[in-house]
Amino acid sequence: MLSANGDLKSEKARVSVSLKKWIKKDYACYLFLLPAFIGFFVFSVYPMVASLLYAFTNFNGTKITQIGTMNFEKIFSSDIIDGWSEVGKSFGLSILYSVISIPMNLVLSYILALFLYKEIKGIRFFRLLYYLPVVIPGIAMGLLWMDVFSSESTGIMNQIFAFLGIPKSNFFQSADTSLATYISTGLWVIGGNMIMWLAALNNIPPSVTEAAKIDGAGYFHRLFVIVIPLCTPILFYNLINGIIATLQTFDSYAMVGAGVDNSLYFIAVRIYVTGFKHMKMGLACAEAWLLFLMVAACTLIMFRFSKWVFYSDDEN
Amino acid sequence: MKKLISILLAVMLCAGVFAGCSVDIGNDGEGTGDFSGEIDFNAGTDYTDTIKVWVTNNDSELKLMEAFVNAFNQVYPNITVEYQGIDSLTDQLIFNSGLESMCDVFWVTPEYISRYQEYGLIAPLSPIVEADQGFDLENLNEDCVRSCSSDGVLYVMPRDYNQVVMYYNVDMFDAAGVAYPSSEEAMTQDEFVEMLAALKEGLLTSDETNSYGVKYSEGFTNSMDASILWDSLSWPVVKSFGGMIFDDEGNYLDENGNMLFDSEGTYEAMLFAHDLVANQYMGNPGTWSTKDGAQFLLETAPVYLHCRAILSSLTTATSAYHGLSDIGVAPCPDFGDSDTYYVGSGATGYSMYSESEHKTAAWLFLKFIVSERAQEEASKTGNHVPVIESLITDENAEWRKYTTSAFGEQYSNEPFIYRREECFTHVRDFMQYIDASYQSTVFERLQNCYTDCITNVKSTDAAGIETEIKAFISKYAKEMKNYIEAD
């Protein structure tokens with residue numbers, strides 16, 4: 001027993017000395033890492049844990065009077081307000097938005113990248129030009145879109161329509177056109193994906209495409225058999241990022257709130273409205289956790305079925 | 001992967017164990033407490049303390065608070081009042097609740113009473129008023145006190161009295177060759193629409209220019225600058241036409257189970273708003289709602305519907321506007337064709353934070369706000385009609401003495417209190433019956449109804465317009481019902 005205690009003490013002392021040495025040696029490194037760690041715990045870990053706890057309360061922003069699973073029961077109830085008929089619609093709308101906008105953005109940004117990949121004079125200027133909209137803050141862009149897609153005849157897009165002889169549209173002011181209008185605003189920022197595609201295209205060894213060319217492979221054959229497969233890691237990355245971003249889309253709220261007839265009542269918008277307008281923070285946290293589970297599930301499924309992604313040997 | 005799925009399943013199983021469980025851990029404490037025991041009613045003018053007061057962050061609010069604090073410190077020199085203009089006041093009140101940084105007194109508009117009750121932020125003042133032997137509310141305007149109360153309990157100390165009036169640009173009326181509206185009698189709806197039509201016609205053919213050097217005929221935007229979505233217009237207009245959301249007994253359904261909102265009265269109100277915009281008498285709320293007052297100040301619209309609280313901003317030159325040189329005031333028109341006269345009216349005021357540790361000083365300050373001295377000082381800012389009945393009617397009260405070079409022969413103080421005994425209309429008329437969580441959402445449905453009836457009616461023939469407007473009203477009535485009936 002004594003010997004065991006003695007061993008334990010000496011082991012503890014050994015660990016303590018090595019820990020001190022470790023810290024002494026790399027203290028500068030840890031010091032620089034500290035702000036990031038603090039930020040991560042204060043602004044990510046703590047809110048996540050707190051929101052999970054709040055999801056099981058009726059927290060309204062200032063006080064809690066009830067604890068239980070009532071928020072989840074409410075979400076999956078048949079209630080007209082805040083029940084599944086409404087929450088499910090918001091989830092459905094977010095999924096619909098993802099299903100349409102992700103492939104569209106991926107394809108268009110890829111086509112754009114193929115054009116801008118060519119090394120011709122002044123190409124860097126065009127790359128910059130297409131990337132610039134990405135750096136405009138979402139709120140500022142929202143206000144710009146409101147002017148562009150104004151339902152008035154004086155709206156910029158309606159003036160273009162009038163010039164082209166196309167009838168005036170209500171854009172965000174009509175439930176029929178608001179989702180399509182909102183999706184079209186996403187095209188403005190395809191420069192973000194485009195930059196990733198350009199990086200992927202740059203990583204393709206020219207010798208591979210040259211060899212294929214010598215073997216008589218045409219442009220489209222090389223594109224579909226060599227270029228696109230070699231770009232799949234970036235495609236996968238863009239896909240995952242796209243799913244996470246589109247399922248959490250919220251920019252529309254700054255422009256038109258939940259939209260005419262709730263046509264833009266995405267789940268992230270609903271979470272905000274439930275928490276900050278209806279003062280049901282607990283319910284909003286429950287909805288947020290459902291969204292998190294959905295995003296996590298989508299991401300896991302994507303990884304599970306990612307055998308189509310081609311990694312070269314060194315990447316493996 | 002398997003590990004992750006196992007963890008997820010385990011979490012879901014744990015959650016399943018607790019499914020259906022819920023525990024009440026306290027009452028909902030909707031501000032029903034009696035805090036009079038925390039107040040020293042014998043505190044004299046030598047009482048020493050410091051209180052923090054938060055108001056919404058705009059110039060006129062800060063100016064008013066400055067007037068109140070200066071007057072207060074002349075009576076209570078040892079009470080320091082630290083006042084501050086706060087952006088997003090409601091959010092800040094919530095975030096700071098329970099913290100040392102929280103204020104003791106804060107500015108409140110009555111439509112927020114239920115929300116603040118729900119948050120437990122607001123101390124009921126009625127028990128304090130009852131316990132304070134030397135104070136009563138009898139000399140205050142009854143309607144203001146009522147609108148600052150919930151279920152008969154006062155939560156906000158009313159600060160002023162406001163009702164919507166019709167401001168007009170005398171020069172533009174002259175340029176259009178249109179007679180000035182009377183300051184003693186409200187126009188009927190027909191007279192009002194006729195005036196708007198004449199203004200439009202007159203200004204579009206006028207050769208005169210405004211103070212910005214723009215010809216009236218070229219700068220003309222609308223005959224009237226008014227945001228129909230503003231609660232002081234949207235609700236009174238519906239009510240004037242006989243529309244309602246709740247009746248006086250708190251019912252929202254008629255004997256057939258239909259929403260009271262889905263009525264001929266609401267239709268008449270929506271049609272009225274639709275026609276005003278269609279004829280260019282009023283701006284489209286979708287376009288102009290965030291630019292309220294800009295048309296009037298830029299002298300592109302000759303009429304403006306608003307209240308006394310913004311008076312000085314109409315006459316004072318800023319970097320953006322010249323300020324009007326000759327302003328006229330008339331009572332708000334009598335909308336609808338019934339005998340009733342409903343005008344957006346109300347009071348804003350100040351409330352005590354329920355957990356304030358300086359309740360005695362806070363109460364002394366709130367009491368002082370409704371004293372004659374404080375009311376007279378506030379009136380000197382120009383944007384204030386007193387909440388004390390005797391001052392409202394007193395010919396020599398300070399609020400009547402306020403004047404600027406922009407007040408010509410057509411300026412009158414009477415429209416600010418015109419038929420005030422009967423016109424008082426406030427969104428709390430219906431909000432008081434709705435769960436605090438959904439009050440603003442129901443009001444939004446009213447706003448959306450206006451927007452749709454003005455913007456999204458496609459028909460041009462009378463029958464088609466009627467069908468579309470009625471369809472919008474039915475749609476929003478149904479949505480209102482869902483929220484009214486929600487848990």
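**View 1. Strands S2 and S4 of chain B run side by side.** Here strand S2 (residues 49-56) of chain B meets S4(B) in parallel, with two bridges joining them. Strands here are DSSP E runs of at least two residues and helices are H or I runs of at least four, numbered from the N terminus, while two strands pair if DSSP finds at least two bridges between them. Look for B:Trp54, whose bridge partner in S4(B) is B:Phe106. A word on the model: it is predicted, so local features need pLDDT of at least 70 and side-chain atom pairs count only at pLDDT 80 or more, whereas totals for chains, interfaces and linings use all residues. Residues are numbered from 1 along each chain as its sequence is written, chains are lettered from A and ligands numbered from 1 in the order in which they are written, and side-chain values use heavy atoms, leaving out hydrogens and water.

**View 2. Zooming out shows an open sheet of five strands in chain B.** The order is S3-S2-S4-S14-S7, with mixed pairing. Strand S3 (79-86) and strand S7 (157-158) of chain B sit at the edges, each pairing on one side only. As a reminder, strands of a sheet pair through backbone hydrogen bonds, either parallel or antiparallel. Within S14(B), B:Ser351 is the bridge partner of B:Phe106, and B:Gly349 is that of B:Val108. As for the side chains of S4(B), B:Val105 and B:Trp107 point one way, B:Phe106 and B:Val108 the other, and all are buried (buried is under 20% relative accessible area, exposed over 50%, partly exposed in between, with a 1.4 Å probe and protein chains only).

View 3. The side chains of A:Lys277 and B:Glu444 meet at 2.1 Å, N to O; a salt bridge is a side-chain nitrogen of Lys or Arg within 4 Å of a carboxyl oxygen of Asp or Glu. A:Lys277 counts as buried at 18% relative accessibility, and B:Glu444 as partly exposed at 23%. The structure holds 24 salt bridges over all chains.

**View 4. B:Lys367 and B:Asp132 form a salt bridge inside chain B.** Their closest N and O atoms are 2.9 Å apart. The pair links distant parts of the chain, 235 residues apart: B:Lys367 is in helix H15 (residues 359-369), and B:Asp132 is in the loop between helix H5 (126-131) and helix H6 (142-147). Both B:Lys367 and B:Asp132 are buried.

**View 5. B:Lys239 pairs up with B:Asp429 in a salt bridge.** The closest N and O atoms are 3.2 Å apart. B:Lys239 belongs to helix H10 (residues 231-240) and B:Asp429 to helix H20 (residues 428-431) of chain B, 190 residues apart. B:Asp429 counts as buried, at 19% relative accessibility.

**View 6. Negative charge gathers in a surface patch on chain B.** The members are B:Glu184, B:Glu185, B:Asp190, B:Glu191, B:Glu194, B:Glu268 and B:Asp337. Patch residues have over 30% relative accessible area and no salt bridge, with like charges joined within 9 Å and nonpolar side chains (Val, Leu, Ile, Met, Phe, Trp, Tyr) within 5 Å. Helix H8 (residues 189-204) of chain B gives the largest share, three residues. B:Asp190 is found in helix H8 of chain B and is exposed, with a relative accessible area of 56%.

Definitions and conventions: Accessible areas come from the Shrake-Rupley method with a 1.4 Å probe; for residues, only the protein chains shown count as cover. Lys and Arg count as positive and Asp and Glu as negative; His and the chain ends are not counted. The place of a charge is taken as NZ of Lys, CZ of Arg, CG of Asp or CD of Glu.
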